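Q: Could you walk me through how to read some features of a model like this one? Let's have it on screen first.

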2 protein chains.
Amino acid sequence: MTRTDWKIAPPDVEAANAARARVDALTKPLGSLGRIEALAVQLSAIAGRVVDRAYDRKAILIGAGDHGVTEEGVSAYPAEVTPQMVDAFLGGHAAINAFARAAHADVYVANFGVCGPGGPPDQLLGLCVAPRPANFARGPAMTAGQAAAALAAGARAVDEVLARAPYDVLALGDMGIGNTTSAAALVAILTGADAAGVTGRGTGIGDERLARKREIVAAAAARFPARAAGDAEFAMAVAAGVGGFEIVGLAGAILAAAARRVPIVLDGYIVAAAALIAQRIAPVAIGYCIAAHRSQEPGHRIALEALALEPLFDLGLRLGEASGAALALPIVEAASRMIAEMQTFAEAGVATETGAAPS
Amino acid sequence: MTRTDWKIAPPDVEAANAARARVDALTKPLGSLGRIEALAVQLSAIAGRVVDRAYDRKAILIGAGDHGVTEEGVSAYPAEVTPQMVDAFLGGHAAINAFARAAHADVYVANFGVCGPGGPPDQLLGLCVAPRPANFARGPAMTAGQAAAALAAGARAVDEVLARAPYDVLALGDMGIGNTTSAAALVAILTGADAAGVTGRGTGIGDERLARKREIVAAAAARFPARAAGDAEFAMAVAAGVGGFEIVGLAGAILAAAARRVPIVLDGYIVAAAALIAQRIAPVAIGYCIAAHRSQEPGHRIALEALALEPLFDLGLRLGEASGAALALPIVEAASRMIAEMQTFAEAGVATETGAAPS
């Protein structure tokens, strides 16, 4: 059974209005901090009150999972890179670890379905649904029960991370060789976009592999005629048909973090695909999400548009691992500090904007 | 006498090549960290060797100065806000202080020419050239000697900051009511752009003040027919004609930091105008510069194009105070950590990209 009782409250409009009033009274020209002001208002709506402290307790959660579709040669890397990279994350040697240190954030890895030649590595959060989903080019990726289990595992991952420390903000990322193929199929089906337009080069495949990847995505999309928004059962059927355990797990993580009123920073294409699943299950959850960046994957723009999220930056990233989300964490902290720590004109005794003739 | 012996070496091409080779060997798909990779290469070229440590020692230097042109009613705020905001910076209550805490950076203020009703506040770096430049709508803003003194004061500010700690990176920002008018005139003259196109609403002025501001900028630009790049004497004449002490001081700071091979993160429009002055004096200095963001001021895009700098992000900022540059500091640190701390595929024992048929 798919869990449907996520109990996600909408972000708080009154807190947002109070935050906007405070932001407008701070010692700066009206509106002069642009997106940072909007972020502070969103963070307040999420918290249910005007943010009054620095969001300096930051966690990064990477959902990891293997993909049966790698059998089709859709990636430039062999599938065993997934557990190897998970080992690198846990050892502190990967890009996300370097970025996390720059962002003063803690890194967690959730194993939703990684199976290497040597077996799953010793995971921080062991939530493995199954060693890997089936090759969705030849049939459904998983059973309905597995999809529901992956969604629930994502929620448990958030519970476990928040049990370690009362984090102010959670960045979500992914690791899974083959998962841009799965994400492309999800985005094609859930947005109705053309398969070719949402299927990119992932880790950097050549033209031949790209052509095969597009065929697979188009064939998978043809099995699921587009359905109107808001249909949770349809989303779970699509997730089971073409998803990966880490993608469905990340959808569960988004829903659980939203239910706990924790702001969620989304990384790239894979996490956006997970957010599209979450959006079908509980549209209100997207109000808890902040899109960190627009990646090089062409479908990411389409997914973000369907989520109605505007990314903070575009640095030409296409790595995953929450790398872009990690770079956004200090910006989120800056927004919290702006509203919590800056003085208003009245508090500072600084002259306000004048409509009078200049001296 | 204008100082001309800045002794700025070009960024090191061999170090850049070695950095690119290392970046390409790190455990990530080739090119998958986009601008972050380019930043790591630039930081290495600036250092003269492949960066091998985290750039976690970060300083922010705000150049402050008053502007005689405020007499013309070009700002929404009265001139006394400049010293009041300097007080706020030193008290830790302003936007830049909140952002600096998020970026784990130290804040310094250089008083290049601030004169409030109660006299200049107690400055951290007292380098005041004069209480304020003259109103450039009615004559030259400063004497040639004052312009040279401001440029030298900027270099001294960098020396003083770097004497406090061996900072890895320096973010530059500005405070000065009226200074977007001065910056617009500088950008119009130094890029040859139309005055109307480089003159924006600054702190948020209405149509009437904007029309007056454009008149002033156009009239000032008409006094200086555009001259080809690379003419230091012309740049200093323009700086004296329409500049502000903090803008010329920031130009000196850019030149001094470049001479000391310290990477410089540029904030918004005012600092870009300063960089255009520095570019005329020593074009090679711009290789030491990183443009943090594109601001809301319409002329900023034109200035960045003339500097051939691509900003890291556009968050709709138009505050100054180094606020955008502060947000970029963790990104610069992330780039340094990527190249210094990530493992290569060989070091990690992770399977590399395969051209072979998939398994």
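Q: Is A:Ala88 buried or exposed, and how do I tell?
A: Buried means under 20% relative accessible area, exposed over 50%, and partly exposed in between (1.4 Å probe, protein chains only). A:Ala88 counts as buried because its relative accessibility is 7%. Keep in mind that this is a predicted model: local features need pLDDT of at least 70, side-chain atom pairs count only at pLDDT 80 or more, and totals for chains, interfaces and linings use all residues. Residues are numbered from 1 along each chain as its sequence is written, chains are lettered from A and ligands numbered from 1 in the order in which they are written, and side-chain values use heavy atoms, with hydrogens and water left out.

Q: Where does A:Ala88 sit, and what is it in contact with?
A: Helices (H or I, at least four residues) and strands (E, at least two) are DSSP runs, numbered from the N terminus. A:Ala88 belongs to helix H3 (residues 81-91) of chain A. Contact means heavy atoms within 4.5 Å; setting aside neighbours within four places in sequence, A:Ala88 touches A:His93, A:Ala94 and A:Asn97.

Q: Which other residues of H3(A) are buried, and what covers them?
A: An α-helix has 3.6 residues a turn, so residues three or four places apart point the same way. In H3(A), the buried residues are A:Val81, A:Thr82, A:Pro83, A:Met85, A:Val86, A:Ala88 and A:Phe89. Their cover includes strand E1 (58-65), helix H4 (95-103), strand E2 (105-113) and strand E4 (169-175) of chain A. Just after H3(A) comes A:Gly92, with a positive phi of about 85°.

Q: What should I look at around B:Ser75?
A: Start with its place, the loop between strand E1 (58-65) and H3 of chain B. B:Ser75 is buried, as its relative accessible area is 8%. A polar atom of its side chain lies 3.1 Å from the backbone nitrogen of B:Tyr77. Leaving aside neighbours within four places in sequence, B:Ser75 is in contact with B:Ile177, B:Gly178, B:Thr203, B:Ile205 and B:Arg209.

Q: How do I read the interface, and how much area is buried between chain B and chain A?
A: Buried area is the accessible area (1.4 Å probe) that two parts lose on being put together, summed over both. Here that comes to about 5000 Å², with carbon and sulfur atoms giving 63%. In chain B, B:Tyr77, B:His93 and B:Leu315 lose the most area to chain A, together 11% of what that side buries. The contact takes 60 residues from each of chain B and chain A.

Q: How many salt bridges are there between chain B and chain A?
A: A salt bridge is a side-chain nitrogen of Lys or Arg within 4 Å of a carboxyl oxygen of Asp or Glu. The count between these chains is two. One salt bridge pairs B:Glu341 with A:Arg101, their closest N and O atoms being 2.7 Å apart.

Technical notes
A polar contact is a pair of N or O atoms within 3.5 Å; within protein, one must be able to donate a hydrogen and the other to accept it, and residues adjacent in sequence count only if both atoms are side-chain atoms.
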